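Here is a model to explore together, one question at a time. Have a look, and then we can go through some of its features.

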Amino acid sequence: MKKLIYTLAAAAALTTMASCDDFLTEEIRGTENLDTYFGSADEVNSYVGGCYYEIAKGGGWWQIYNTWLLSDMTTDDLWDGNTTQDDGYQDITHFMPNAPTNGIIQNFWGARYQGITTCNIGIARIPSAPMDETLRDQRLAEVRFLRAFFYFDLVRNFGGVPLVTDFTGSTEGIERSSAEECYKFIEDELKAVAAVLPQRSAYAASDMGRATRGAALGILGKAQLYQGKWEEAKATLKTLIDEGEYELLPNFGDVWSVKYNNSKESIFEVQQMYGGDQYALGGALTVVTGCRNGVGDGWSWGQPTSDLENAFIAAGDTERLRWTIIKTACTEIAGENDFQKFIDNNSAVCKITDAKFEGFKEDFGWTDETYNTTYIIDPSQHKSARIIRKYFLPLEDRPEIYNIDKIPLNHRVLRYADVLLMYAEACAETGDNANAQSALNEVRARVGLAPVTSTGTALRDAVRAERRLELAHEQCRLYDLRRWDCENGKKMMSNVFGPDGSFVKYNTGDNADMYEKWNQGEPSSKGTRFSESRDLLWPIPQYEVQHSNGAIVQNPGY
């Protein structure tokens, strides 16, 4: 896959030349390059690499990764986190009335349509490329898979969006299709490419990371699940499971390890690599979510909530907890073999005589020993004094230049544990208790939890609880909360947020976590403005509404 990654930026640039001032004086040459570019297998391969680049990197890390992080912040799993800077997240995460003008979702919308345009060009031109027919069909299927994934990322956040299937590059004057129409398009595309794409095992090591039949079936099953098509999702996911291409890693701690990029549990992940001082080919979230006063100087956007931590504790799930959350005053970090460097860094950043630390000692009951023997995540800079372990890179795995766009940790988009839990959910919803229990318990067994033997609603709830613990910080929670129905007739998100929501009541009550209660740089009242009639979708970016000449209608309530 390294060979593929190195061609991404050049191929992506081909589709955006018209936006560069240096090329505007040579429009004819640019047009000729596009018209004649697909003249060989090498050129097709390079262009398809550019389509992969659009998954998360095409417009810079802030276009997609930032929004994926935002999606988890808009749940009970993450705070915005950094309380020292103006974030721009709270428009969405705290359900503010000015959300339609938020720049983060505007960037996301634009980046996804840029990716769709890039794919549309490839879909139009690849079929006539002079190359081996089997490989040509495979490359075409890869690009169609990516376009379907981009639309899936849009529809699950905004509802129905304009369906653009040619390469005009503009949505101007194109009305929104319904969510049902968008999902039908996504399903049809994924079914078609699943019949063409190779299995993972058919790829050479240099092609790891390309779309596979398993990835197409997995995203198809998720799209069906999100629509409540239980029988269809069950059949799709069973096919994926029965084909035997994937299995769980024995140790949960390896799932998000840089040493296990493209593991046997991985179905689809964003490929990252360290590009030295010249190339921005790596990930960013390790730095973006890292501790502000830690080794490496992180930004601390996206911090785990104590509500999530309590869910692990209530389940007796100590193994996944330690690989999911790093908490202030901890005496170890899972997988970190040089923990002492983090303690030493505390001395360099916050001296024990510092008045700020003296305040911590008084408010939290810390002693000098706490400071000298534990890892302090400064509570004055961090809403919850917790950071995400899944994105954390141990010191021995960090590249020479430790910065955004340099981190070689692949971003897991879909893995086998998610498939097993989706299958368990579909089985539970259709009364297939035995298969639901089997798939659920396979995931639980890895972390030493007892098997679930319940049936009916209790089994369904057990699957839901398991998804939160297994998939925390993997861009699943928001879409689960939005779609799950509860016995009181509300979506689960309405029972978590709103003035009477469980998350709001906990954080504003007497039993609130001491770190979160202490730091009100981000208000603990997050969620009080939530309205089910409005906030089960994000608003269409106001810029898109205003510049569509009336074609794009805003989502209700905004």
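Helices (H or I, at least four residues) and strands (E, at least two) are DSSP runs, numbered from the N terminus. This is a predicted model, in which local features need pLDDT of at least 70, side-chain atom pairs count only at pLDDT 80 or more, and totals for chains, interfaces and linings use all residues. Residues are numbered from 1 along each chain as its sequence is written, and side-chain values use heavy atoms, with hydrogens and water left out.

Q: Where is Asn262 found?
A: Asn262 is not a glycine, although its phi is positive, at about 55 degrees. Most residues other than glycine have a negative phi. Asn262 lies in the loop between helix 11 (230-242) and strand 2 (266-270).

Q: Does Phe95 count as buried or exposed?
A: Phe95 sits in the loop between helix 6 (90-93) and helix 7 (103-125). Buried means under 20% relative accessible area, exposed over 50% and partly exposed in between (1.4 Å probe, protein chains only). Because its relative accessibility is 4%, Phe95 counts as buried.

Q: How far apart are the end C-alpha atoms of helix 20?
A: The expected span of a helix is 1.5 Å times one less than its number of residues. Helix 20 (residues 456-470) has 15 residues, so it should span 21 Å. The model agrees, as the end C-alpha atoms are 21 Å apart.

Q: Which residues of helix 20 are buried?
A: The buried set includes the arginines Arg460, Arg464, Arg467 and Arg468.
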